Amino acid sequence: MTVNCKHAVRRASCWSKHLNALMAGKSHGKWAVVGKTRYRLGLISLLLVLAAVLCRNVPHPPLSGMFPSSTAVLAADGSLLRLTLAADEQYRLWLPLADLPPTLQAAVKLQEDQWFNWHPGLNPIALLRGAWETYTGGHRQGGSTLTMQLARLLYRLDTRQPLGKIRQIFIALWLELRYSKHDIFEAYLNLAPYGHNIQGVAAASLIYFGKTVGQLSLPEILTLAVIPQRPNAYHGRDEARARLFGKWRQSHAVSDIDQHLLTLPVPLRSLSQLPFAAPHLVTQILNQRRPTDNHQLQTTLKPDLQHLLARQIQYYIRQYQQQGLSNAAALLVDTRTMDVVALQGSADFHNAAILGQVNGVLAKRSPGSTLKPFVYGLALDQGLVHPLSVLKDAPTAFGAFQPENFDGRFVGPISVREALIRSRNIPALAVASQLKRPNFYDFLSSAGISKLKPPQHYGLSLVLGGGELTMAELTTLYAMLANQGVLKPLNYLQNLPTTTTTPNDLRLLSPEASYLVLDMLASNPRPDGMPTHGETAWKTGTSWGFRDAWSIGVTGPYVLAVWLGNFDGSANPALVGIKAAAPLFFRIADALQLARPSEFAIRRHPPATLKRLEVCSASGELPNIWCPKTEATWFIPGKSPIKISTLHQPVMVDNRTGLAVCPPYDTATSHQEIFEFWPSDMMQLFREAGIARRAAPQQPCQNPTALVDGEPPRISSPLTGGSYTLRLSRPDETIALQASSAGDANTLYWFANHEFLGTVAATQQNGLNWRPGHAGTYTLSVVDDHNRNNSRQLMVGIIP
């Protein structure tokens, strides 16, 4: 606390001069004995000056540290969520003077002490007038300055008796010597009595009006200014406020609205109406509060969305309580700012039967299959798959680990997209087993997932929920997808630095992989069969033993996470993600879209680096000339695996026997048919599933699948080992890519250093025009739809 000693010295010197001058001018009557009196007064003045000088060197505690403070937790709009009691059982919220509105400061001075800025701690005229009215007029008349009132509050003085009043005067003078006017006024505003156990304008504003002092209207400010004179008297406040307003408008402009409002009574809330809102979030913030934090904490929570979340959970639990669903938690985060806008830690904070005071958002639980999207995200970035790559869903052993799917069945070949949205275990584990650095454990560790055991403890089971995460941690991972692969910490408080150790800009996935994961999840159909309005990319999860049911996803600009289960860990067959959690997820998501329709009008756009490519639907690879059906998919240039499909192959079949024949072929006795050449284990799955797949006939030929013995493409441009120079000033300059091919080829695919450049028809003479992005050595490759290829190297230089 800064003590303005210069002002104290100046005031003490001033008093000494005035007293000496006064004594010098009085030389008759009762001032006849001048010398002795002047000597005594001079000595007193000298002592005052010495006391003021000592003020510079004698340390003293700041006034703000003499009393404990309450803590106010506010919503994002400034409304009160909870006000705690201070350690001495008072509602007292200490705010710096700079945080209190000037209008409130002016009103208090106008009401209590208009000469506060100029007097030395007491106002003799007001003090004499008050004493005269009190002791002769029969009713109490206040004459205390703000400093004197602060002295009474600090030292709990009984000022109804003369001795108490004298002590109050001397303490006020002493306070003026030790502290600045700024500190004294700040202390008064934070300690003024407001009835019951309420002290200070900040606490009174929150309790009586449910808002911060910065949000008060003029009638509310004037009401607060008059309460301390009669803090426990309810009658007469309107009249006192009217008198203060009469003085106020003599020196201040008043709007027509305030003029009208001041004619109406100002209702005050009672202590019993103090809110206890968002209890899990508020308790979490109070428990994590540091001693250096402000006593007024403004959260990122939005009351309307919090009410929406709590109401939907309450209705849902009430509806399905007969199925044993008695508890739920949910978290809603704005991915644009990472603000936690709604948090419900349990279905009912006050229900001891469900351990309702446990915060489910911070509890470690098995996430089930909700982590699978990140396995595929890593695989996309490592070039293992693209969305339509075909995986094998078949009985598979990973060492001693022999997992099954949730339904106990296997479906055979399945695309990455279908494997993700249908939450197949075997394909996800197969992909996870191929991940390099980072592997899945490295990914979770980099994301800051706490309390992970060593990787050998989990093995591949980590993919299926073998580890434990909190809802908050899981939500940050899904928000990372919405933020183009950048992990950001959750924000619970406004205008305060985060306490998390996770870096703000930690990239875990590329923007391309993040978009593709969300794009695949967005094709996941709703459990109720209703169309999905807007963009909702979502996933479910069920833990082993039916203890946790999850549904989490990105809906509009938000990440919504929903959990159902029991805090005591008890199981319930009804706790299945798709059946228990997904319906509640979409109830909240639908209500959210109705509440904020404009926020759901924005659509996600793919990164410019992503390309669209036709692949063979059955194999997920580039179609050869015999692929009967193609499908468009996204791929990441330079990463996604691209090769010509060999699944479909022609076979010459004898017209009479249906058996394969060998060349030379007689078109009069044989014909060509196209067959799918699946591995034997896949054909067995097709048979078990009752899926018709025509087996290719046995072929006695040495090369039974080759219909035409064609040659690989021949590159005619660019020249082998050539050197090309391009100018930055001529962006139209390109390098021609041309090749001739065998007669049985239909399409040519061009690559530069394994990065896909484009396709041309085999009969197209002019080929492709290619402009490299930077100088260097390139290997150009051309592949036809029979998987025959050719390549050559060249040097590219770039000049201005």
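1. The buried residues of α3 pack against α5, α7, α8 (201-209), α9 (218-226) and α10 (237-248). Helix α3 covers residues 102-112, and its buried residues are Leu-104, Gln-105, Ala-107, Val-108, Leu-110, Gln-111 and Glu-112. Buried means under 20% relative accessible area, exposed over 50%, and partly exposed in between (1.4 Å probe, protein chains only). Helices are DSSP runs (H or I, at least four residues), numbered from the N terminus.

2. A note on the basis. This is a predicted model, in which local features need pLDDT of at least 70, side-chain atom pairs count only at pLDDT 80 or more, and totals for chains, interfaces and linings use all residues. Residues are numbered from 1 along each chain as its sequence is written, and side-chain values use heavy atoms, with hydrogens and water left out.

3. Helix α5 (residues 146-155) packs with helix α6 (residues 162-178) at an angle of about 105°, and their axes are 8 Å apart. The two helices are therefore roughly perpendicular (65 to 115 degrees). On the α5 side, the contact (heavy atoms within 4.5 Å) includes Thr-147, Met-148 and Tyr-155. From α6, the contributors include Lys-165, Ile-169 and Glu-176.

4. Asn-190 sits in helix α7 (residues 181-191). Asn-190 counts as buried because its relative accessibility is 0%. Leaving aside residues up to four places away in sequence, Asn-190 touches Arg-92, Leu-93, Trp-94, Leu-95, Gln-199 and Gly-200.

5. Now the surface. Leu-261 belongs to helix α11 (residues 256-261). Leu-261 is partly exposed, because its relative accessible area is 32%.

Technical notes. Axes are lines fitted to C-alpha atoms, for helices over the stretch in contact, and angles run from 0 to 180 degrees between N-to-C directions. Angles under 35 degrees count as roughly parallel, over 145 as roughly antiparallel, 65 to 115 as roughly perpendicular and the rest as oblique.
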